[in-house]
Amino acid sequence: MEVKQAPDKPEMLSSSLTTHVLNTATGLPAAGLTLRLAQLGEPGEQWTELAQRWTDADGRCLPLLPPGQAEAGTYKLRFETAAYWKSLGYSSFYPFVEVVFTITDPAQKLHIPLLISPYSYTTYRGS
C-alpha cells in the first residue's frame with residue numbers, strides 16, 4: 001500500500017523555526033493563539049523579542065525565523081494560553097507557557113509543537 005504525504009505549505013518549506021499548537025481538550029488545532037519569539041542576549045540575561053505571531057485555523061503560524069536568520073544561542077517561545085482559553089470561555093491554570101531552547105546548529109530546521117489543555121501542556125522537538 002502506497003502512503004501519500006500531504007504537500008508542505010510553501011511558506012513552511014524554507015523556514016528554519018516553526019511551531020504549531022494543538023488543543024488536546026478538543027482534539028483540534030488551537031486557532032488565534034498569540035505567541036512571541038525572543039532571543040537571550042550575551043552577556044547577561046536580557047531577552048530581545050524577534051517575532052510575534054498568531055496561530056491560524058490549523059494551529060500554525062508564519063515561520064518564526066526565515067532561513068539564514070537563525071543564530072546559535074538561547075531562545076524562548078512564549079504562548080499566551082490564558083487569553084486563548086478565555087476566548088473559549090475557560091479559565092486556565094497557566095497564564096502563559098514559555099518554552100526555552102538552544103539552537104546549536106543554525107542551519108538545521110527546528111519545529112517546536114505545543115499541546116495544551118486548561119491544566120497541562122506538553123512540548124517536544126519535532127521535525
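The model contains 6 salt bridges, a salt bridge being a side-chain nitrogen of Lys or Arg within 4 Å of a carboxyl oxygen of Asp or Glu. The model is predicted, so local features are reported at pLDDT of at least 70 and side-chain atom pairs at pLDDT 80 or more, while totals for chains, interfaces and linings use all residues. Residues are numbered from 1 along each chain as its sequence is written, and side-chain values rest on heavy atoms, without hydrogens and water.

**First stop: Arg-60 and Asp-58**

Select Arg-60 and Asp-58 and display their side chains; they form a salt bridge whose closest N and O atoms are 3.1 Å apart. Accessibility is classed by relative accessible area: buried is under 20%, exposed is over 50%, and partly exposed lies in between (1.4 Å probe, protein chains only). Arg-60 is partly exposed at 24%, and Asp-58 is partly exposed at 35%.

**Second stop: Glu-98 and Lys-76**

Next, select Glu-98 and Lys-76, whose side chains form a salt bridge with an N to O distance of 3.3 Å. Glu-98 belongs to strand S6 (residues 97-103) and Lys-76 to strand S5 (residues 73-79), so this pair ties together parts that are 22 residues apart in sequence. Strands here are DSSP runs (E, at least two residues), numbered from the N terminus. Which of these two residues is buried? Lys-76 is, with a relative accessible area of 15%, whereas Glu-98 is partly exposed at 31%.

Arg-78 in strand S5 and Glu-98 in strand S6 are 20 residues apart, and the pair links distant parts of the chain. Arg-78 has 25% relative accessibility and counts as partly exposed.

S5 and S6 run antiparallel and are joined by 7 bridges; two strands pair if DSSP finds at least two bridges between them. Glu-98 is the bridge partner of Arg-78 in S6. In a regular strand, side chains alternate between the two faces of the sheet. On S6, the covered face carries Val-97, Val-99, Phe-101 and Ile-103, and the uncovered face carries Glu-98, Val-100 and Thr-102.

**Last stop: the network**

Finally, select Arg-36, Glu-49, Lys-76, Arg-78, Glu-80 and Glu-98 together; salt bridges link these residues in a network.

Definitions and conventions:
Helix = DSSP H or I, 4+ residues; strand = E, 2+ residues; numbered from the N terminus.
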